[in-house]
Amino acid sequence: MLIGLIGKNAAGKTTVAEYLKSKGFYYYSLSDILREEAEHSGIFPARDNLIKLGNELRKKFGPGILSTMALEKIKFDRNYVVDSIRNPEEARVLKRQAQAQLFFIDAQERVRFERLKARARPGDPRTFEEFLSLEEKEAQNSDDAMQNIEATILLADKKIENNSTLQGLYRQVDQSLESKASAQQFERPDWDRYFIEVAKTVATRSNCVKRKVASVIVKDKRIISTGYNGTPRGVKNCNEGGCVRCNSFAESGTKLDECVCSHGEENAIVQASYHGVPIKDSTLYTTFSPCLMCAKMIINSGIKRVVFNEEYPLNETAARILNEAKIELVQHRF
């Protein structure tokens, strides 16, 4: 879940952000990103300087650059709250994320002015007239690269009033979160994609210089063995010169009798045998379809289903004997 906060000065965005942080949300502020940029450039982080810097960045890199910079730091295995959204394109960049929602935090002008005085930040207006002038300056702008709070507010999904107590504010936030959670659609991979993705991760352990391949063997939705291609245990790694055939980058399909690398499927089956793990009636997931040698091992080991991602060259005979042995062969491409 990604919650973006929109609102005018001292409406309570930071208070809402702190409340969401207490509920496990990770926090990013577009203003903090500006302050970091100001520090790198040796610019004093006063309000006017930050506004000017933000406008310059939007003109140079596009109106949504600050949100883009925030998204580069976000990992989508957790919940986030993003604060200080002041340009419509910043809001649109965030809204393109599948689980994003924008909250508009609102409060009356006098209430916000009193809060502004209380926090006493450098560069904040000191009189109500100065406050209203600042509001007008930030509210609308014909230049797409500048702040435009009013246009940004129109993109909000929820409005939260913050004129009274913290308890009332928190209650509205909780209600909005509950509504968002109940409507949230989780994108979960099916089991075949899940185990193929695991196999792709296993393949990163391969030491073969020609192609990284890996397999996982699964029974009852539980991984019971894994294997990746490379030289046998105790033999110099392929990437260290252990396999002359691979290191000479021999033409595909040639000099296979000189290759000392074991295949991913082969290693997954052998590892199960080495550790005494039965694999009869299991499913083998592999990043490339099996070669003829591995197909024979699959048949004789009792594996009943093979799911692969990419086609391996020269595997017509392998596919034929797997089908003849009544082993289900499925390609899962994505």
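**A serine and its contacts**

Setting aside neighbours within four places in sequence, Ser-29 is in contact with Asp-83 and Ser-84. Keep in mind that this is a predicted model.

**Ser-29**
- You'll find Ser-29 in strand β2, which covers residues 26–29.
- Ser-29 counts as buried because its relative accessibility is 3%, and the cut-off for buried is under 20%.

**Asp-190**
- Asp-190 sits in the loop that links α9 (166–183) and α10 (191–203).
- With a relative accessible area of 45%, Asp-190 is partly exposed.
- Its side chain reaches the backbone nitrogen of Arg-193 at 2.8 Å.
- The side chain of Asp-190 also makes a polar contact with the side chain of His-332, at 3.5 Å.

**Helix α14**
- Which residues are buried in α14? In this helix, residues 316–324, they are Ala-318, Ile-321 and Leu-322.
- Those three lie on the same side of α14 because they cover an arc of only 105° around the axis.
- Here's the general idea: an α-helix has 3.6 residues a turn, so residues three or four places apart point the same way.
- Glu-316 and Glu-324 are exposed, on the face of α14 turned away from its buried side.
- What covers the buried residues of α14? The cover includes α13 (292–301) and β10 (328–331).
- Just after α14, Lys-326 takes a positive phi of about 60°.

Key:
Residues are numbered from 1 along each chain as its sequence is written. This is a predicted model: local features need pLDDT of at least 70, side-chain atom pairs count only at pLDDT 80 or more; totals for chains, interfaces and linings use all residues. Side-chain values use heavy atoms; hydrogens and water are left out. Buried means under 20% relative accessible area, exposed over 50%, partly exposed in between (1.4 Å probe, protein chains only). Helices (H or I, at least four residues) and strands (E, at least two) are DSSP runs, numbered from the N terminus. The arc is that of the directions from the helix axis to the C-beta atoms. Contact means heavy atoms within 4.5 Å. A polar contact is a pair of N or O atoms within 3.5 Å; within protein, one must be able to donate a hydrogen and the other to accept it, and residues adjacent in sequence count only if both atoms are side-chain atoms.
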